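Hi,

Here is the structure I promised to pass on.

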Amino acid sequence: MTKKQRTLQIIERLKAEYPDTDCTLEYDQAWKLLVSVRLAAQCTDARVNVVVEKLYEKFPDVNALAEAPVEEIEKIVHPCGLGNSKARDISACMKMLRDKYDGKVPDDFDKLLELPGVGRKSANLIMGDVFGKPAIVTDTHCIRLVNRMGIVDGVKEPAKVEKELWKLVPPEEGNDFCHRLVDHGRAVCTARTDPYCDKCCLRDICKKVGV
């Protein structure tokens, strides 16, 4: 079985196993996903979802957040860790959205990368989830699982994993595939315990690298 064949089979099986996959960060506007994905660095999505409720109560739109003192933002987002740098990035990002994009999030990958605090992972998430465009989000679950499954070979750098996956994953499948890897990594192919290979839908085609 080639890597391409294995990848396509994995995509189809995960699609059957997790048909209703979605981003676990809660948002109803594009700019809110930008804020949440910045806060999610080294923090759980569940905690981020709680913290942003308080943030939006005080600063309910792009303008309010752009005008908010960084110290006030930091007080609220502190539970997510790295509060100072995250608050600075959020403030600068909202200012750029206000001043350059009329408060709207651009639907262009390169323009997203210009926003403070936005890297390739965040830009891909926005492109896929908000704008429905081809995207591959190489978060920790994705990197860990595609190496374990044998889709990529010992590649740990997010940008390199992304590059490899673009060669193997059909563009229209990329975004949901990455969400399903998160679902699978939490439910079955776990990091902090031995993976539950006996109940895995991929057990006969996964290479089980490192298991």
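Below is what I found, starting with the salt bridges. Keep in mind that this is a predicted model.

There are 15 salt bridges in the structure. One of them joins the side chains of Arg38 and Asp89, with N and O 2.8 Å apart. That pair links distant parts of the chain, as Arg38 sits in helix H2 (residues 30-39) and Asp89 in helix H6 (residues 83-100), 51 residues apart. Arg38 counts as buried, because its relative accessibility is 16% and the cut-off for buried is under 20%.

Another one to look at is Arg186 with Asp45, where the closest N and O atoms are 3.8 Å apart. Arg186 is in helix H11 and Asp45 in helix H3 (residues 45-58), so this bridge ties together parts 141 residues apart in sequence. Asp45 is buried at 17% relative accessibility, while Arg186 is partly exposed at 44%.

Then there's Asp99 with Arg98, a salt bridge at 2.7 Å, N to O. Asp99 is exposed, with a relative accessible area of 59%, and Arg98 is partly exposed at 28%. Glu12, Lys15 and Glu173 are also joined into one network by salt bridges that share partners.

Arg148 is buried but has no salt bridge, and the nearest side chain of opposite charge, Asp194, is 7.2 Å away.

Cheers

How values were computed. Residues numbered from 1 in each chain as written. Predicted model: local features only at pLDDT ≥ 70, side-chain atom pairs only at ≥ 80, totals over all residues. Heavy atoms only, no water. Buried < 20%, exposed > 50% of the residue type's maximum accessible area, 1.4 Å probe, protein only. Lys, Arg positive; Asp, Glu negative; His and termini not counted. Salt bridge = Lys/Arg side-chain N within 4 Å of Asp/Glu carboxyl O. Helix = DSSP H or I, 4+ residues; strand = E, 2+ residues; numbered from the N terminus.
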